[in-house]
Amino acid sequence: MKKGKVFGKAQITVAVMLLALGGAIWLNTKYLPSETKYLGEASYVSNTTDGEAVETAAKPQKTESDYFETAKKERETIKKEIAEEVEELLDSKSLTDEDKAKALAKVEKLAANIEKENNIETLLKAKGFEKVLAVIGDSGISIVVKSEGLTSVQTLQIQDIVTSETEIVLNNIKIIPVTK
């Protein structure tokens with residue numbers, strides 16, 4: 001390297017790349033709406049005012065019968081069947097104490113999930129959602145809400161309640177609007 005030479009080809013290349021990166025960031029912040037709070041959140045161009053419904057990617061599903069009543073009845077039936085099976089298992093003399101402990105642990109997890117589902121449904125009804133069904137699975141949670149279309153504020157309310165009541169991450173929360 002020669003003495004007195006301050007900038008070489010490598011330094012000039014790095015400086016140009018940094019300027020390009022800075023320009024890209026500036027353009028991104030200039031043309032990105034200020035309402036967008038989350039990376040990947042959809043933005044729509046319309047002339048709606050605050051409080052009006054904004055169409056999201058989740059489209060309402062049309063159903064013939066009352067989906068919520070049917071699903072809750074089915075859930076109650078399944079709970080009763082599981083309780084009967086567990087009672088039979090625990091009364092069985094062929095099971096070891098270890099097997100009984102495992103069965104009780106599964107029952108406790110199921111009971112905790114049922115409690116979380118009920119808490120989420122109650123809190124969402126308190127937020128103004130008329131009919132709600134929460135279903136916790138192994139990989140995440142599905143929230144079925146009676147709605148003609150959810151606003152981004154409503155979606156954030158649902159996500160906030162679910163994350164506060166469970167340890168489920170946002171990627172594993174499915175929100176399904178239903179019209180009937």
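1. In this predicted model, the side chains of Glu 121 and Arg 75 meet in a salt bridge, with an N to O distance of 2.9 Å. Glu 121 belongs to helix H3 and Arg 75 to helix H2, so this pair ties together parts that are 46 residues apart in sequence.

2. Arg 75 has another partner. Its side chain also meets that of Glu 117 in a salt bridge, at 3.2 Å from N to O. Here Arg 75 is again the residue in helix H2, while Glu 117 sits in helix H3, which covers residues 97-126; the pair therefore ties together parts 42 residues apart in sequence. Taken together, Arg 75, Glu 117 and Glu 121 are linked in a network of salt bridges.

3. For Arg 75 the relative accessibility is 14%, and it counts as buried because the cut-off is under 20%. Glu 121 has a relative accessibility of 6%, so it counts as buried by that cut-off too.

4. The structure holds five salt bridges. One of them joins the side chains of Lys 102 and Glu 98, with 3.6 Å between N and O. Where do these two residues lie? Both are in helix H3, four residues apart, which is about one turn of the helix. Lys 102 counts as partly exposed, because its relative accessibility is 49%, whereas Glu 98, at 53%, counts as exposed. The cut-off for exposed is over 50%, so the two residues receive separate labels.

5. For orientation, the protein chain has four helices and three strands. Followed along the sequence, these elements give the pattern α-α-α-β-β-α-β. The protein chain has 180 residues, and buried residues make up 21% of them.

6. Which residues form the negative surface patch? They are Glu 81, Glu 84, Glu 85, Glu 87, Glu 88 and Asp 91. Glu 81 is placed in helix H2, which runs over residues 67-91. With a relative accessible area of 43%, Glu 81 is partly exposed.

7. A nonpolar patch on the surface is formed by Val 14, Leu 18, Leu 21 and Ile 25. Together these residues have about 390 Å² of accessible area. Leu 18, one of the four, lies in helix H1, which spans residues 9-31. The relative accessible area of Leu 18 is 55%, so this residue is exposed.

8. What does the side chain of Thr 166 reach? Another is with the backbone nitrogen of Ile 168, at 3.3 Å. Thr 166 itself lies in the loop between helix H4 (152-165) and strand S3 (173-178). Although it is a loop residue, Thr 166 counts as buried, because its relative accessibility is 6%.

Key. Residues numbered from 1 in each chain as written. Predicted model: local features only at pLDDT ≥ 70, side-chain atom pairs only at ≥ 80, totals over all residues. Heavy atoms only, no water. Patch = residues over 30% accessible without salt bridge, like charges linked within 9 Å, V, L, I, M, F, W, Y side chains within 5 Å. Areas by Shrake-Rupley, 256 points an atom, 1.4 Å probe, with all protein chains shown as cover. Salt bridge = Lys/Arg side-chain N within 4 Å of Asp/Glu carboxyl O. Lys, Arg positive; Asp, Glu negative; His and termini not counted. Charge placed at Lys NZ, Arg CZ, Asp CG, Glu CD. Buried < 20%, exposed > 50% of the residue type's maximum accessible area, 1.4 Å probe, protein only. Polar contact = N/O pair within 3.5 Å; in protein donor to acceptor, adjacent residues only side chain to side chain.
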